[in-house]
Amino acid sequence: MSDETGKPVILAVDDDPQVLRAVRRDLRSTYSGRYRILGASSGKEGLDILDALDERGHDPALFLVDQRMPEMLGVEFLLEAGARFPDARRVLLTAYADTDAAITAINRVRLHHYLMKPWDPPEERLFPVLDDLLSDWLASHRSAYQGIKVIGIPISPATHAVRDFLTRNEQPFRFLDVDLDPEARRLAEGRRDALPLVLFTEGDHLAAPTSAQLAERLGLPTIAARPHYETVIIGAGPAGLAAGVYSASEGLSTLMVDSDVPGGQAGTSSLIENYLGFPTGLAGSDLARRAVSQVRRFGAELLYPVEVTSLRRADPARVITLADGTEISAEIVLLAMGVSYNRLDVPGADRFAGAGLYYGAATTESQSCASEHVHVVGGANSAGQAALHFAKYARKVTMLIRADSLEAGMSQYLVDEIRRTPAIEVRLGTRVVEFSGEEHLERATLADVATGETAEEPVRFVFTFIGARPRTEWLDGLVERDDHGFVLTGSDVPGEAWSLEREPYLLETSVPGVFAAGDVRSRSVKRVASGVGEGAMAVALMHRYRAST
């Protein structure tokens, strides 16, 4: 295969020969080094090209399609093309302010962008849009010949931990089932006790690695460049990332530390549909990746997976201690650790965690659930998003909800979409009371909330989203928290715990110069947008603090 034919494809479709030439000219001027630029003068011709690409195993990355074509409208073409290549990015072109077409495209074909003709100058009106979409496509694309190999048993805690870490760090990998794949059996011969094996393209491997070992091998940053910073942000969810952007962009030396993977709980969401400015929604991983790129562009450092174990005052500085004993000082510290999903407190839950029972992890285990029956426990937005995500892969999705209605804890747009999805069954007034099985989860005992009657049912994959709690125990004795562990700020800080004459700022904790933002903060609004807003607000309050000291 030549270099040209091996490239991913950008396909432009327009019935106007002059426009098609102009589109292809502009695309080639910027993207021909990395992509193969193809054009079609009709929807039918475009579908013929896609058939040929499919036969040869080639991947379209993006469709740029005119709406008003005589034989087949652009929306109709995108419906057909999207069914064949659902991961390709879809852009609709039109010379008219066709609002109905835009709404139809957004709702029916999950349009990624809508562009008006003319797009001159392309450097301002076309290329930035395509750059963003192609970056998204590359981040999620998995070519057959690329990636790390992971050999293991599909339903096991150790294998799940490795796959989850690689998936959330957007590291391409191919999973090989040691019991089904001849190549996996050969590579794991004599080393079955060391599963999962992670094989790298350079020829080396790791046996049953921890997240820290994977991070070191992948070259993830885990050591700070200096001993002191103006701002240290603990947590890289939406609130922490927003604060990192504003802190670094305003010239403050900024260090961010996260114990897991950037993005927080939001980063594990399969699709966030109510975030302003993204009418077709965006994956939590995409939001996290863009934010991390933005943070780094402004010069902030980001360490992960690195755990902070303590915080202490060393006036005028604040000092954090990392798990390896390293101490880092800062003028200001922002607590933005977010929350973690609650664990199910029923018999068998601990035993089968990672072996059929998962907390979050919707995107990690998607392929494992192909054609399976999936159970989702929970009735809030995160559970609804997960159910809709699994409905794309699984044979059936059953939601187990304690409440007596979907509306009790879920946004209406998700309720409506769940009811429109035939593969999703909703069982209200139902709770889990026990899990059982042999090496992996096989059965669940369910109870009727109203009557208490129980019944045992076969289950294989259960994903739980039953609320969340902060992990703030390491702040004991220093930072005041409420009865549930959420950090108190502003007027909620007890008077006897505050040491200055002035009142604490809105997001300031009981320790002057230590702020909190996002889900970890008591009485915060548990939404991505509010977390981002609080992160930005915290930086403004930090400036007030610095000016007052």
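**Cores, a sheet and a loop**

Visitor: What does Val 374 touch?

Guide: Leaving out residues up to four places away in sequence, Val 374 touches Cys 369, Phe 390, Ala 394, Lys 396, Val 397, Thr 398, Phe 461 and Phe 463 (contact: heavy atoms within 4.5 Å). The model is predicted: local features need pLDDT of at least 70, side-chain atom pairs count only at pLDDT 80 or more, and totals for chains, interfaces and linings use all residues. Numbering starts from 1 along each chain as its sequence is written, and side-chain values use heavy atoms, without hydrogens and water.

Visitor: Which residues have the most contacts inside the largest nonpolar core?

Guide: Leu 357, Val 374, Val 397 and Phe 435, in a core of 42 residues. Such a core is a set of buried (under 20% relative accessible area) Ala, Val, Leu, Ile, Met, Phe, Trp, Tyr and Cys residues joined through side-chain atoms within 4.5 Å.

Visitor: And which helix gives the largest share?

Guide: Helix H14 (residues 381-390), with five residues. Helices are DSSP runs (H or I) of at least four residues, strands (E) of at least two, numbered from the N terminus.

Visitor: New topic. What is the strand order in the open sheet?

Guide: E17-E24-E18-E19-E20, with parallel pairing (at least two DSSP bridges between two strands). E17 (357-359) and E20 (424-427) are at the edges with a single partner strand each, so one side of each has no neighbour in the sheet.

Visitor: How many bridges join E18 to E24?

Guide: Four, between residues 373-377 and 461-464. Val 376 stands opposite Phe 463 in E24.

Visitor: Is Thr 509 buried or exposed?

Guide: Buried, at a relative accessible area of 0%. Thr 509 sits in the loop between strands E25 (468-469) and E26 (514-516).

Conventions:
Buried means under 20% relative accessible area, exposed over 50%, partly exposed in between (1.4 Å probe, protein chains only).
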